[in-house]
Amino acid sequence: MALLEVSNLGIAFGGLQAVDKVDLRLEQGGLYGLIGPNGAGKTTVFNMLTGVYKPTEGDIILDGKNITGKPPATISKAGIARTFQNIRLFGGMTVLDNVKVGLHNQVKYSTFTAVLRLPPFFEREREMRGQAMGLLKIFGLENDAKQMASNLPYGKQRKLEIARALATNPKLLLLDEPAAGMNPSETEELMETVRFVREHFGITILLIEHDMSFVMGLCEQITVLDYGRIIAAGTPEMVRNDPKVIAAYLGG
Amino acid sequence: MGLKNLGRTSRKNLVTYLIAVLAFVILEGMVLTGNISNMLEGQLVPICAYVIAAVSLNLTVGILGELSLGHAGFMSVGAFAGALFSVSMEDTITVTWLRFVLALIIGAVAAGAMGVLIGIPVLRLQGDYLAIVTLAFGEIIKNVLNAVYLGVDENGLHFSMKDSIALGLSENGKVLIKGAQGIVGTPRDSTFIWGFALVMLTLFIVLNLIKSRTGRAVMSIRDNRIAAESVGINITKYKMIAFSLSAALAGVAGVLYAHSFSSLVASKFDYNLSIQILVFVVLGGIGSIRGSMIAAAVLTVLPEMLRSFSEYRMLVYAIVLIVMMIFNQSPKMVEWRKRVFAGRLKGAGHNAAKKGGA
């Protein structure tokens, strides 16, 4: 059974059918790409998978559980984490605290324990700190732990967002244009990081990206959207040579 | 214990507690040696009440990031619940501290429950809408309390929204709440020591909450609601925790305030008071608990201190407000303050030019 099975997914905003009849099948541990021209509905698909939008039709099955139309927090607990196209960090909090918020449902103690500073508070906080620092280290952010998140340079903010998403211990990680605004060497480094994350955490990754060398070099399976519909799907090789994809997106 | 072993936030919190303790020691010393004016001595308990109100409002405004303009409403709920309890139990429970502690608990629970009740509709809103609706709720609470008549006799409690005659009390009956005249004869159980203890308790609760899993969840909603949801934060739950705790602590402030005067009227808790508390929070620095505390204390004492300036009083008050605003908010001043105070605190250089903080 696939980790994520999406069938006949669609959403209409008023009279506009933004996404229509989208089927996706992601196997455990795979690296998948979602590409297409601007306005094709890629981020809308992400928003439906994570519960930001309620699909008007279709089903989303994660690990055998139907999560269609569930609220974002429930879907996060079910095992889908994401990053955002326009970075959404907790700017008024430190880098470390951003990751700790990601650990919210992993390491728990009550408000009562927190206010009275009972022994479990110190225990769990230590545990949280350890896990959060471990994640920051993977992304080379350990020396920025005490910085305010909003003070980080752009590339590091992107990395922090991935670290925070991973803190929720997801089965499926959705990356929305992770390489946007990065220079070629940063993109190269990000590819390495994404591969490492997949190996190290054993998770499935689905990413949206416009940088073709990034997508083609990284993903095993690519789905191409245009006007809210899938126009092609398959290996990078197949997609690259598909005349419909060339016409709609890649150009001749 | 070396200060260096503590984290930056813990060190900051420690300073906040120390400021409160120092202020208490100095003022209490002045009281004991008789070196205090009657006017200032009378203000000591209200100052503590305003400090608690300001710190608790900062939980909603600074930590949750929602502008609430009805904080005085929650104070009045606490004040009336606590005072009502004390008036009716004055002869039954003669141990003053026990009666006062029970009044505090009742006031906090009543205000907290009101916070939950109002929070259910209000927390669906954001920004200006939330501010306006909380303002309305504050006024509704005040007007309802203004119209309530409550009496007690051997047949039990009597309630009316008309007048005290409509209560139909027997000869031995006693009117507890008298409409616009409020509650009369509240035992004056609150003292400066109580006020100080409650300020410390409030600081303890709020500062501990901020630096915890719960506080981080609340602040993540403030910083980015969509991202907070995406990492599994239950938005409604944490908004409600922050809002109702803020209301409950306002209730504590209300109980403390009510027990420092023998009569209590609802009209005291109008929107002017809500705005005044908000002024404390904004001038002390939104999100800065220490700032709220200092601003509340200074700005409560100031207008009274300035009485000798007669008509120039409000002018000086306004100038002080402006100066505080510049001192707290102007980026250059913030930079300078951080440099000077951080240097002094830590000895070694620490270029902690960071925003916010407790």
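**Figure 1. Area buried between chain A and chain B in the predicted model.** Together, chain A and chain B bury about 2700 Å². Carbon and sulfur atoms give 59% of this area. Of the area that chain A buries against chain B, 21% is supplied by Phe90(A), His104(A) and Val115(A). Counted by contact, 34 residues of chain A meet 28 residues of chain B.

**Figure 2. Polar contacts and the salt bridge between chain A and chain B.** There are 15 residue pairs in polar contact between chain A and chain B, with both residues of each pair at pLDDT 80 or more. The count of salt bridges between these chains is 1. Glu125(A) and Arg216(B) form a salt bridge through their side chains, with an N to O distance of 2.8 Å.

**Figure 3. The side of chain A that touches chain B.** Four elements of chain A each give two or more residues to this side: α2 (72-78), α3 (95-102), α4 (111-116) and α5 (119-138). The side of chain A that touches chain B is made up, by class, of 15 nonpolar, 9 polar and 10 charged residues.

**Figure 4. The two domains of chain A.** Domain 1 of chain A takes in residues 4-89 and 168-250, and domain 2 of chain A takes in residues 91-151. The centres of the two domains, taken over C-alpha atoms, are 28 Å apart.

**Figure 5. The interface of domain 1 and domain 2 within chain A.** About 700 Å² is buried between domain 1 of chain A and domain 2 of chain A, and 68% of this area lies on carbon and sulfur atoms. In this interface, 9 residues of domain 1 are in contact with 9 residues of domain 2. Between the two domains of chain A there are 0 salt bridges, and 2 residue pairs are in polar contact, both residues at pLDDT 80 or more.

**Figure 6. Helix α7 on the side of domain 1 that touches domain 2 in chain A.** Helix α7 (residues 184-201) of chain A contributes 5 residues to this side, the largest share. By class, the side of domain 1 of chain A that touches domain 2 of chain A holds 4 nonpolar residues, 4 polar residues and 1 charged residue.

How values were computed:
Residues are numbered from 1 along each chain as its sequence is written. Chains are lettered from A and ligands numbered from 1 in the order in which they are written. This is a predicted model: local features need pLDDT of at least 70, side-chain atom pairs count only at pLDDT 80 or more; totals for chains, interfaces and linings use all residues. Side-chain values use heavy atoms; hydrogens and water are left out. Contact means heavy atoms within 4.5 Å. Buried area is the accessible area (1.4 Å probe) that two parts lose on being put together, summed over both. A salt bridge is a side-chain nitrogen of Lys or Arg within 4 Å of a carboxyl oxygen of Asp or Glu. A polar contact is a pair of N or O atoms within 3.5 Å; within protein, one must be able to donate a hydrogen and the other to accept it, and residues adjacent in sequence count only if both atoms are side-chain atoms. Ala, Val, Leu, Ile, Met, Phe, Trp, Tyr, Cys and Pro count as nonpolar, Asp, Glu, Lys and Arg as charged, and the others, Gly among them, as polar. Domain bounds come from an automatic or database domain assignment.
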